[in-house]
Each structure stands twice: as C-alpha cells, then as structure tokens.
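The entries below are kept in the order in which I looked things up.

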Amino acid sequence: MRCGKRYRGRPRVREADPQDERRWIHSRAAYDGPCLRCGPEGILDIEFDLDRARRAINPRTLASRPRDQWRYRELLPLPAGARVAPLHVGWTPVENAPRLARWAGVRSLRLKDESRNPTASFKDRASGVGVARALASGVRVVACASTGNAASSLAGAAASVGLSSMIFVPEFAPEPKVAQLLVFGARVIRVKGSYDETWELCQRACEAYGWYNRNAAVNPSLVEGKKTCGLEIAEQLGAEVPDWVAVSVGDGCTIAGTWKGLQEMKALGFIRRLPRMLGVQAEGARPLVDAFEQRRDLEPGPAQTLADSICVGHPRNWRKALRAVRESKGAFVAVSDEAMLEAMRQAGRLSGVFGEPAGVAGVAGLRQAVEDGVVSRRDTALAIVTGSGLKDVKSAMRAAGKPVTLRPNDAELAAYLEDQPI
Ligand SMILES: *Cc1c(COP(=O)(O)O)cnc(C)c1O
C-alpha cells in the first residue's frame, strides 16, 4: 500500500511500521510525531526524492555553500527559505589519529569531533532542524527530555532565535550540562526518576500544552538533522570512506541518522561503498546489543552506566538502530564503564580529542570489537566523538587522575622531576 504524499515537492514520510514497513501515510507539514495509525511504536522515516536532490546536491554546487549543516538543505525537511538558528552547526573536523589507531588495534582511525558544535555535542544537528521546524510552524515553546546534550543543544538554539524552552532532565544529569541549560535561559524541570520516566512525562506534557516536541526518537525530522553527520562523513572522506563507523548508542537515533546520511550520499554518488556500522552500548545499558546478538526485537532492560548520554534502558528508536547495523553488515558491542574511562584517557593523550564517556564509547567499542575479532586489524575506522569531555568533568577527573601540588620553589620542582622524570 502506498499513499505517500510528496512533502513540499521533496521529502516523503514513510512509516516504519512493525507489521508492514512498506506502508506510507500522508504527512502534514508541521507534523513531527509518530505514525498516526500505529502510535508511538510507528516511528516515521522521511524519504527524499534523491533524483531531484542530485541536481541540487553535487560536488559542484556544494563547493560554494556554507560549511555547516545547511549546505544539504535539499535533504532536510525544511520549507524553502526557512529561517534557521544563526549558530554554526556541523561540518565538524575529521581528525586523523594514528597513535590512537594503534591503541585501538585498527589500521587507521579518524575521529569526527562533534564536540566542536555550538553547545559541544552531536545533538546540535538535531536541535538545529527542530528549532527551524518550530519556527516554520509558529510554535513559541520547544521542549525535550534529555540527560543533558539534547536539552542543552535545544536550549542554545532556542535562545539564539528567541524561543522558550522547557526541559525535563532526570536527576542524574551531570552538573555541567544542567549549568549550560540554565545559562541558555531554559525552564528546567529536574525529574526524580529514570530517564525513561522523564521521557514519558515530557511526551505527555507536549501533548497537553502543544509545545514543539524535540524528542528525537518519535520526531522523524530530528533524525534528518542527525543524518547530516553521515552526509558530511561521505563528503569529507569520499574515496577514503572507512570500513567501519563506530558510534555510541542510547535511543538509537544517532546511529540511524548517520547511516541514513551515508546511504543517501551513496545514492547521490559521493561514495562508492558503504561502511559497516559499529553500535556501541554500555555494559549496564545494553538492550540493543542483546537484541542484536540474539537476533530478536528489543526487550527493554536495565540502565546503569556513568555514561549518562547512553544510559537508556528502553531505546525509542531501536528498530531503526538495529536496521542500520544489520543493513550495513555491522555489529553491536558493549563496553564497560572502565573501558570508556580508559578510552577517554587514551583519546586525550594519543589524539588531543577530549570526549565525554559516551563521546568516546565508539573508540572503546572499536578496541573491544578488534579484541572480539569482529573488526579486523587491517580495517580502517572512523569513530564519532559525540560530545565534549567538559560536559562531564567528574568522569574526566576519574579517568585522568589528579595533578601534583608543589610550593613555588625551584628545589621542590627539581626534586619532583628527579622522582618523576617527564
Ligand atoms: C545522545 C547521545 C548519544 C546517543 O545518541 P542516541 O541517538 O540516543 O542513540 C551518544 N553520545 C552522546 C554524547 C549523546 O549526547
């Protein structure tokens, strides 16, 4: 059955329906929720007319475009001429990290450093699209539930264009992320409960009060924002596209979005082959690893890890995340909290890139996957560093230890250096 209406001449909205993934529904321009027929489990996918996009998006046209995520506007669900937040989102650098590659055990390793986005995480990509959608539909209040990064990115983007933001955070959200929210002027509700409960409360509130809902898992437009990371990887690396792209997984939107971007760039001819996706979860919150290993659907499980950004027991976008890994012939792996702290330390020392625990989980996962024989030592890889280490200073101090304290005295310094040569 097919009833897909063209979305303003370009994207179409497709149902990722449990029973029948080929079904289509009509979409309203400002509708950014789940499938109206299937409910919250029916998460929509936006499909673009790629033949048409090819005329607008090719190496020649892109050469003169701004180096941010709006360079791909024909592949984003925005009306022509839509107003976007002025903050610079996207076109984050891809750094070559040969010493870290040796540590992880792969032939080469690149890091896509998402901490270089305006609020220092990958989430800025989705919030940029969310805020543009809210502006286009005339909504004045944007809302989301988040352990921190989605929230701070939304609050920052909203502040830059004068929208109000309502943010629901679980109690365990790290202080630096909450501080960011407050500085951006968000109304912050701290929920005494798990992330999953926080999420449900926000869902209900958006419905009750008519706020724009930035919860990426049920809002297909936001995955399109996340997709720009995949578009960039393809454009930035072209023929050097790696064998593996490793990324941490909470709700699953980041890996799903990145995969969708890579696929579209292959269809547009920017890359000849697709990488395999390595989804990385924490040992204490690994429902997708289990579903993948046991070749079954998701069963929500416990969520306990110091990596707050992926402390998710009930991933909302599990179907798309599993699909990304399966379609790409990739894999899921779980890493311990200790392994993430170790990756944080090693990425810092061996590459100069500072990620939060979930930010470097991709690096930890690669090393694990090499050890497990899933990734070969001859393979090339790219890890997406999804968020800045400054977002979680407590974990950083745990990973890196304490400095020595001395008096301002030359002899004392000399004695110290004798004891601990550099
Ligand atoms: C949100 C987030 C993730 C996981 O993204 P999902 O879309 O929830 O899978 C990973 N790392 C960081 C730093 C994040 O903020």
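These entries cover a pocket and then some salt bridges, all in a predicted model.

**Entry 1, the pocket.** I looked up the second largest pocket, and its volume came out at about 430 Å³. Its lining is made up of 22 residues, and those nearest the centre of the pocket are Phe 172, Pro 174, Thr 305, Leu 306 and Asp 308. I then asked which elements give two or more residues to this lining, and found helix H6 (175-183), helix H7 (195-209) and helix H14 (393-400). The largest share, 4 residues, comes from H14.

I turned next to the charged side chains, and a search of the whole structure gave 28 salt bridges. As a reminder to myself, side chains of opposite charge can pair when their charged atoms come close.

The side chains of Asp 45 and Lys 320 form a salt bridge, with 3.2 Å from N to O. Asp 45 belongs to strand S2 (residues 43-47) and Lys 320 to helix H11 (residues 318-327), so this pair ties together parts that are 275 residues apart in sequence. Are the two partners buried or exposed? Asp 45 has a relative accessible area of 6% and is therefore buried, and Lys 320, with a relative accessible area of 6%, is buried as well.

Arg 125 sits in helix H4 (residues 124-137), while Glu 114 lies in the loop between strand S4 (108-113) and H4, the two being 11 residues apart. I noted that Arg 125 is buried, with a relative accessible area of 0%, and that Glu 114 also counts as buried, at 0% relative accessibility.

The last pair I looked up was Glu 299 with Arg 296, a salt bridge in which the closest N and O atoms are 3.8 Å apart. Glu 299 is partly exposed, its relative accessible area being 49%, and Arg 296 is partly exposed too, with a relative accessible area of 21%; I kept in mind that buried means under 20% and exposed over 50%.

Key
Residues numbered from 1 in each chain as written. Predicted model: local features only at pLDDT ≥ 70, side-chain atom pairs only at ≥ 80, totals over all residues. Heavy atoms only, no water. 1 Å grid on protein atoms, 1.4 Å probe; cavity = no way out; pocket = protein on both sides within 12 Å on 5 of 7 lines; lining within 4 Å. Points joined across faces, edges and corners; volume = space filled by probe spheres on them. Salt bridge = Lys/Arg side-chain N within 4 Å of Asp/Glu carboxyl O. Buried < 20%, exposed > 50% of the residue type's maximum accessible area, 1.4 Å probe, protein only.
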